[in-house]
Amino acid sequence: MAGGRGCRGRRRRPAVIDFIIEENGETRRVEVRTVPVHIGRAEEAEVPIVNDRASRHHARLEVVGDEFVLIDLDSSNGTFLKGERIKRVRLTRGDKIEIGSATLTFAGGKPPPPAPEKVKSLVDLPGFTMLDDLGIGVLSRVYMARQDALSRKVAVKVLRDRWVGNVAVVDRFRTLARRQARLHHPSLASGIDVGEESGVPYFVVEYLEGDTVGARVRTRMAFETTEAMRILGEVLEVMGWVHEQDRTLSNLHPESVVLGDGGEVWVASIGFPLPSARTLPDEHAGELAFVAPEALPEPEAAGPRGDVFQAGALAWFMVTGRPPRVVGATDDAFEKVSEIPDISELESRSSLPSSVRGFIMRLLAADPAQRPENGTAALRELEALKDDVVAARSRMASSAKVVEERSADGPKSFRRSKKFIMVNRVITVTIAVVLNLAFFLWYTGREKNDNEPERDDVAEVPAPSIDNGNGSGDGEGNGVHTKTPTLQETERLAAAAWESTEESVKALTEAENYAEAAQVAATFSTRWAGTTWAQNAVDLLQAVQRRREEACTEALDELEAKIESSKLSQARGLLSRARALASGVKDKRLRDLEEKLRDAEIAHRKAEAARNRRPGPERGPKPRTGPERGTPTRPKGIPRSQWPKLVKRALASPGSADLRTKLLKSAADNGGAGKLATQFRWLAALDCGMKDLAAAWTALAGKEVKIPLRDGKEQVGTLKELQAGSLVVAHEGADVEVPISRVAPAEMARMLSGLPPTLDRYLARALLDLLAREPEDAWFDLQGARIICGDDADARKLVEAQLAELRKTGGRR
């Protein structure tokens, strides 16, 4: 409800309003493209504030005539301008707004036309002051309002215009409102008032300050196991209570569960919104992925076991970050009604105990009789798994600590310095000497005790004599000596354990189960600390982390290439793998690509609609072309502030041809690269090198090829053609697309070495050698570039800097 829905699909407009935000010792600039402008901690806020003293929906900026007006949305800690708390104030350029510990400087702008979805003004209800529009649900548009009589925030649900004339839907809206108003539970949004204004019914409910489960997953990926099970337990508790009242939730999904800052969990609504699931609009069809198979024809007829399925689907979503079924349209849900979730999705989460996996799969059983009978029964089963969840959390915490300690050096830890190696050897030798000395002292003391005659006057308590099986006793207490293993024995045991550990880690890495592979390697290094094999485990752990980063980069590059080439269906298919690999590694780039894919899909649908629309006569005046007088010239191409990050990404991804082209064109259009001149010089050399490779691959069309890939495998077949960002290889009667981002950099450097040497080819080969982790080869290519760089100052500066870096890191001296 609060913070649950936003306007995420809006059409891009030129930036018209600027804010400069100073918060937590950092300064950032926010460009806003639409009005009204929402300020606060909510996910959908155009101007985000991160400090805890800001409310989620804190303030709103509106345009009234030609003026900007700032409105405080009854925030808890207030909005201040010039030291005074304000409710509504006109802003001028340079005004400083204080929200908690954040200071926002209003840099001004040109009032834009309102976005299409905001043309309609807020409704006017007697007794309520409308503060903000929170978004649109299936049945209603939801507003944040202030109840004037009690001066408190509430949420007002107003039936959407599309349903006002539908008698069945209107009756359904009123029935659900009255039903929720009669139920009172701390974890269920309380109904406050039901009414009608100008023939349109509305429902006033408790305002829930928090994020929905869906919003939390979108911003932070999947939940940690313990937190997911805690939330599930709260949901099952309120579900069981509702079942005791002879009611059902019937519409439980990630957007209907709200999480408060203090750990609160609320269910926002009860009851399926429409009389039939087949009438659900396609934009809300994703909610049907959480409905039980038997409930699709008539959602509320499924009873408590249907709710239990929805709780299982919610648990699946929290631990995997994805719904149990992918539903793109309402009809898809009915076609995929018998689709059983793949348990391998849960098995790939190494932190999830097997007992919890089995519990979630029982909740999602296709046969209702195999599920718990109601929410209370499901809660009892979950509580029985509490010890397993706690134990799994402890294991993951200890493994994460080992991984963090072992890899705290970052990328440099893969190339150990001489000082590090020497210190490591000294520590290993010291441990060996101590262990040998301890064994020697123990053994000599044992011999001395064996050789000493027994003296009754010395022993205060005689050692018991225990029969050893032949009627004789001994004086050793229990007749058993515990032998401490020697250093050599420990090494032998570690070597035996290492073989199976190495095979297991390699198998898990091959299956792209990197988290479990890292856990196995970390466990070995802890178990056999002090042996020479422990260092092997640390190196293997770092190799797993490096391979995961490479696989993540490959997946994101391939996804970006598909989006750039408008192969949106293939891109959507690649998204799940990219999410699994990028979680916790490259979250920011993944979110950028998800946003880019959504924008591309929206643009594609609009283009399809435009093509299908019958052409008609043009009406109205033709739009003016050319800039208006007095309009400032905007930078062309990619904004300069984004160049450092994007150039680094382009240099690390030789297959990103479109990104290279855009960056080089942006630098040319804006008068040069400035401080990044050397990096852009390397980028230009890489672009020339990749064009040479494209020509070489084109010449190989129709021939048998063997293409080495980054993951150590090879793609064998007949090279058919070179497409945008990929090679098409015919193999065993099928065409296989090999993204250039997957080709091993060492192979690309080898192909370039067969061409006549030029400065650009030397520089491109040096970069590819570094990507292939071949510093020796990079050294020689850079030396060749230094010889022929002549008057190219940027190239010379680049070469000297890279040679100095190689000397410093020990690549070549």
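**Strand pairing and helix packing in the predicted model**

Strands S15 and S16 form a hairpin with two residues between them, and Ser198 in the turn has a positive phi of about 55°. The structure is a predicted model, in which local features need pLDDT of at least 70 and side-chain atom pairs count only at pLDDT 80 or more, whereas totals for chains, interfaces and linings use all residues. Residues are numbered from 1 along each chain as its sequence is written, and side-chain values use heavy atoms, with hydrogens and water left out. Helices (H or I, at least four residues) and strands (E, at least two) are DSSP runs numbered from the N terminus, and two strands pair if DSSP finds at least two bridges between them. S15 (residues 191–197) and S16 (residues 200–206) run antiparallel and are joined by six bridges, with Tyr202 of S16 as the bridge partner of Gly195.

An open sheet of five strands has the order S4-S3-S5-S6-S9, with mixed pairing; its edge strands, each pairing on one side only, are S4 (47–48) and S9 (88–91). Strand S3 (residues 37–40) runs parallel to S4 and is joined to it by two bridges, and Ile39 has Val47 of S4 as its bridge partner.

Helices H21 (residues 759–771) and H22 (residues 775–788) pack at an angle of about 160°, with their axes 8 Å apart, where axes are lines fitted to C-alpha atoms, for helices over the stretch in contact, and angles run from 0 to 180 degrees between N-to-C directions. H21 and H22 are therefore roughly antiparallel to each other, a term applied to angles over 145 degrees.

Note on methods:
Angles under 35 degrees count as roughly parallel, over 145 as roughly antiparallel, 65 to 115 as roughly perpendicular and the rest as oblique.
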